[in-house]
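Please open the structure in your viewer and keep the selection tool at hand. The stops below are meant to be followed in order.

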Amino acid sequence: METLGFLMSGFSVAAMPMNLLLAAIGAVVGTMVGVLPGLGPVNAVAMLVPVVFALGLPPESSMILMASIYIGSEYGGRISAILINVPGEASAVMTALEGYPLSRQGMAGVALSLSAWTSFLGSVLATVGIVLAAPVLSKWALAFGPVEYVALMVFAFACLTGLLADQPVKALLAAGIGLALATIGIDANSGVMRYTFDMPNLIDGLAFSTLVIGLFAISELLILLQNHHDEEEVKMERMGRSLFNLSEMRFTLPAALRGSAIGFFIGLLPGAGGTVGSALAYSTERKMAARRDPAQNRFGNGDLRGLATVEAANNSASNSNFIPMLTLGIPSSGTTAIMLGVLTLYNITPGPMLFSSQPDLVWGLIASLFIGNVMLLAMNIPLVGVFARMLTVPAWVLVPFIVVVSAVGVYSGKSAGFDLILMVAVGCIAYWLRRLHVPMAPLILGFVLGDILETNLRRSLSLSAGDVEVLWSSWIAIVLWAAAGAILLVPRLLRRLLPPEAQLAED
Amino acid sequence: MSNNRTLGAMALLMAAVLVVFGWGLVAPFAYEPVGPRAFPMITAALIGICGIILLIQGGGEAEPVGSRTLLGLLMMAATLFVYALVFEPLGYVPSTLAMSAVVARLFGATWTQAGISGLILSVGSYLLFDHGLDVVLPAGILRGLI
């Protein structure tokens, strides 16, 4: 009941005209960046970091804008996957598997509208899950002291490296680089300058917006150039019937519901977002169809159930990603890590206190997820053709535009040419790291959590007068340390023990 | 050239830099058992261990890019660096016009397309940001004109 009251006050925040407008802008921009292959929510949100400050937006409005871009891009990613077989962003890879064959058969319209509907279903169910689970979790998380926090963050890094990356060493390296970059600047506890190399621009540390824009926007442009093949003509399939019918909806509903549930639980784990969720939902559905319903099994040649479950899972996971972010202050994807970093720029400390100290922000954000999803569904069914036109914008228009928005954003923060040079340098290094398959999400997570991790570590050790045993002195901490170890080790052991055929089925 | 070994070597180099420049980080007055040095050393150890593993493991050759693509990438990086350097002295509009035209060329535009889109982008975004959104951008050599 208490929750319902909070949710209502959240709706009153989200329904303020400016926040409604920002949610709508976010939904449009999100869908557009989702459609464009190469540009994803991370890049868009990274470029927005300085913009929200330049516009002087209050924290809840910034969060609403960024969140609606994030969920909007999940809607957008499916459009290019279905129409041209190129996933607009990472978690739409699975969408192309069933979506593209459908559009080859002249069913593009049905595939698009059905996937918009299951995206909506997955998102809304996951948001209901946030409303039910988050307050409970945040109450439980209040029992966390510095000791538990250290263990929790180690657990988050373990999840990110063990679940997400095919090469855990590289993910760990990325996290280490992020942590090291976070130490640059003046140490708040002792006043000692760390790694500033006598440069006044580094006393405050690396500017968050400079780092994220370099890491995500500038390096992306170099990758775009690397993959750029002289202006291929984008070939789009005909739309065909534009809306799914009732029997198609009934046929795919169980699959969509299963996908939503899988996505929701996967999204709770740090590091495992829509990509893992949709892959798991797809393989589950595929196996079920092969076993129970071989007659109607069209998996691989355009099965509506496969498409429905993937989109439900993918959107559900992106929404449930907000639960660890809001309750524990542990972001589980690059995008939520940036959103968390933005909160710290507003001097809001993410963590279990967030629900009690910033109810307007938390509940306004949750309510705006509902509103944003309704807007996205309403936009995505009739306007899908307009969004698809984005695919015909040539790269030579788009790329200079991205450079300009990045540069102006970085410059507006400190009005320093130094940050522009830093942005380009970070971008070039990040491009090299990405070519070597070093993931960027652990890096940004390390940077965002670095300060908090160090503060809690030092606080724990102050409490125990330097005795490191304090770090595993409580049950919660022991469980988290053990879980972290298990996540790092179990997948490697499984890979050794399982026969190769079983591994193929996993993929 | 780019593979796990180079990555591992760079990681070790970074760890070494962290240790060399971080070893002297001691607070003049210590109020707490853990000073400002411990955490950077932990990260250096983490990075160093990853570096050693990557050096031993080897392999992981990055997919090669053609010499034309490589040249394009170098041109792009150089353009961005020059843009960052001349952004303030030259001013926003001229530097953006030049950057935009070169980048558009790299992405396959004709000179006319590159010139027109650069002109629209540089002037349009200056009016939008500087006059519309109150983001102060350097006027540079065009001071007084815009």
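This is a predicted model: local features need pLDDT of at least 70, side-chain atom pairs count only at pLDDT 80 or more; totals for chains, interfaces and linings use all residues.

Residues are numbered from 1 along each chain as its sequence is written, chains are lettered from A and ligands numbered from 1 in the order in which they are written, and side-chain values use heavy atoms, with hydrogens and water left out.

**First stop: α2 of chain B**

Select residues 38-57 of chain B, which form helix α2; helices (H or I, at least four residues) and strands (E, at least two) are DSSP runs, numbered from the N terminus. From its first C-alpha to its last, this helix of 20 residues reaches 29 Å, close to the 28 Å expected at 1.5 Å a residue, the expected span being 1.5 Å times one less than the number of residues. Among its buried residues are B:F39, B:I47, B:G51 and B:L54, where buried means under 20% relative accessible area (1.4 Å probe, protein chains only). The buried residues of α2(B) pack against α8 (168-182), β2 (193-194) and α20 (441-463) of chain A together with α1 (4-22) of chain B. Just after the helix, B:G58 takes a positive phi of about 65°.

**Second stop: B:G8**

Now select B:G8, whose place is in helix α1 of chain B. B:G8 counts as buried because its relative accessibility is 0%. Leaving aside residues up to four places away in sequence, B:G8 touches B:G51, B:L54 and B:L55, a contact being heavy atoms within 4.5 Å.

Move to residues 92-106 of chain B, helix α4, which is mostly covered, with eleven of its 15 residues buried. The buried residues include B:Y92, B:M99 and B:L106, and the buried residues of α4(B) pack against α9 (208-226) and α18 (395-414) of chain A together with α3 (67-90) and α5 (111-132) of chain B. Just after α4(B), B:G108 takes a positive phi of about 90°.

**Last stop: a cavity lining**

Which residues line the second largest cavity? Select A:L160, A:P331, A:S332, A:S333, A:G334, A:A337, A:A441, A:I444 and A:L445 to show its lining. Here α20(A) gives the most, with three residues.

Notes:
Buried means under 20% relative accessible area, exposed over 50%, partly exposed in between (1.4 Å probe, protein chains only). On a 1 Å grid over the protein atoms alone, a cavity is a set of points where a 1.4 Å probe fits but cannot get out, and a pocket is an open set with protein on both sides within 12 Å along at least five of seven lines; lining residues have an atom within 4 Å of a point.
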